[in-house]
Each structure stands twice: as structure tokens, then as C-alpha cells.
Amino acid sequence: MTKSWIFDFDGTLVHSAPQIMQAYKEVTKIIAPERLRYTKSIKIGPTLDETIKHILGGTYSSLYKDFEVEFKVLYDSKYIFKTVPYKNSEEVLRFLKKNGGNLAIATNKRTIPTIALIEQYGWMKYFDRVECVDVSKKYKSNKAVLLNSLIKEKPQYKEAYYIGDTANDGKAANINNLKFIKANYGYGTEDCWKNIQVYSKIEDIYNLKEMQKKQ
């Protein structure tokens, strides 16, 4: 049976945490070194805007824009292409597509680095759609709204699986009545999962291949 699959990106298809964390630390040292301790509690998953607010706090709100500009330049030029995909991502995407699956991405990651990495890995041929929260102001950093927009434009994803690693991913999937598959290998281990409906859990992305075979 043909299935539709929507993927989160960081912590689900790619292991990007080391590069993202280092970029935030370097920029904080430049913009507001006295706030460096706040980089230790960064979560991978929230948007750039949300993370900047977490690091700088309200007292340093005048520096938000400077931080954003510096981060984009540093991450996009120095760190992005050091990001590696999870071991079995390529094999699983190829298998799902070959077996008639509809594949899309819905992520809080910015469009420029997301597309750059997908093109570097040669994955663009697998996806019908790549949606990032910065593509439109209407999303307002809201993944649930992002998923809703994708479903409206691509009805084949109305009953899709959404694979993600954070509680925010799960909440967004639940709001849109999607079957949420929790990637236990990702970055949401310390999230509060209370009231999040999880359809299935996977310890390795390869488990999706096994799931498809059982359909």
C-alpha cells in the first residue's frame, strides 16, 4: 500500500546538533559574551528567532538582529556543509520513494541551509515538497500551521505519517491528525511528552523501511 511520509529535518534525517551548537556559541562570544552560559541549554528544533531570544533574553533585545545576521553568515559559510545525514537516511528515502511513497519535508530549519544540504546529499529527487517555516510570515514559526498548509496544497499528505524527534513535532502532527512517529535517536529526549499521541517509535530511521514492508 502506498504511504505518504512527512519528515522533520534536524534530528530526524540529519545529525546537525554539533555544528548548530558551535555556531551559536561563536556568535554569542562576538555579540554578547556575557550570555555565553545560555548557549549550554539550547535545544535543537526551535527556530533561529526562538533560540536567539533564549540566548539573549529581553535585556539584549536590541541585539537580536545583529545576532541573526552574524549567525546566518557564520553557519551558512562555515558549518552547514559539515552536517552529516544519519547512517540509513539515504537508503530509507530511496526505498520509500521506489515503493511509491509520497515524501515531503516540514522543518523549522531555514530554507537556505535546508535546500543546500538536500542538494549536497542528492536528495531532492525524493521529495515532492520541502517546507520551511521562514518561507512565509503566515507560519510565524508555527510547525502546526506549516503542516496544515502543506496538507491543503498536497491532499495526498492528509493521512501521512509525520516523523520527528521533538515534542513540538508531535504536537504539530496531533493538531493535524497525522500519525506521529517519534525518532528516539533525535534531540527531544528531554522534552515533555505528556499528552503527545505517538503512533510509533523508532530507534533508527531504518525502522521505517521495515514498517513499509509490513504494509
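This is a predicted model: local features need pLDDT of at least 70, side-chain atom pairs count only at pLDDT 80 or more; totals for chains, interfaces and linings use all residues.
**Entry 1: ring pairs.** I started with how a ring pair gets described: by the distance of the centres and the angle of the planes. Then I looked up the total, and the count comes to 9 aromatic pairs. I picked out Tyr24 and Phe71, whose centres are 4.4 Å apart with 20 degrees between the planes. That pair is stacked, because stacking asks for planes under 30 degrees apart.

**Entry 2: where the two rings sit.** I checked which helices hold them. Tyr24 belongs to helix α1 (residues 17-31), while Phe71 belongs to helix α3 (residues 64-79). They are 47 residues apart, so I noted this pair as a link between distant parts of the chain.

Entry 3: Next I followed Phe71 to Tyr75. Their ring centres lie 5.5 Å apart and the planes meet at 10 degrees, so this pair is stacked as well. Phe71 and Tyr75 are 4 residues apart in helix α3, which puts about one helical turn between them.

**Entry 4: buried or exposed?** I looked up Tyr24, Phe71 and Tyr75 in turn. Tyr24 has a relative accessible area of 4%, so it is buried. Phe71 also counts as buried, at 4% relative accessibility. Tyr75 is buried too, at 1%.

**Entry 5: the cluster.** I wrote down which residues the ring pairs join up: Tyr24, Phe67, Phe71 and Tyr75 form a cluster.

**Entry 6: charges over rings.** Last, I looked for charged ends above rings. Arg35 has its charged end over the ring of Tyr38, 3.8 Å from the centre. Lys182 has its charged end over the ring of Trp193, 4.3 Å from the centre.

Definitions and conventions: Residues are numbered from 1 along each chain as its sequence is written. Side-chain values use heavy atoms; hydrogens and water are left out. Rings of Phe, Tyr and Trp (its six-membered ring) pair if their centres lie within 6.5 Å; planes under 30 degrees apart count as stacked, over 60 as edge-to-face and the rest as tilted. Helices (H or I, at least four residues) and strands (E, at least two) are DSSP runs, numbered from the N terminus. Buried means under 20% relative accessible area, exposed over 50%, partly exposed in between (1.4 Å probe, protein chains only). A charge sits over a ring if NZ of Lys or CZ of Arg is within 6 Å of the ring centre and within 35 degrees of the ring normal.
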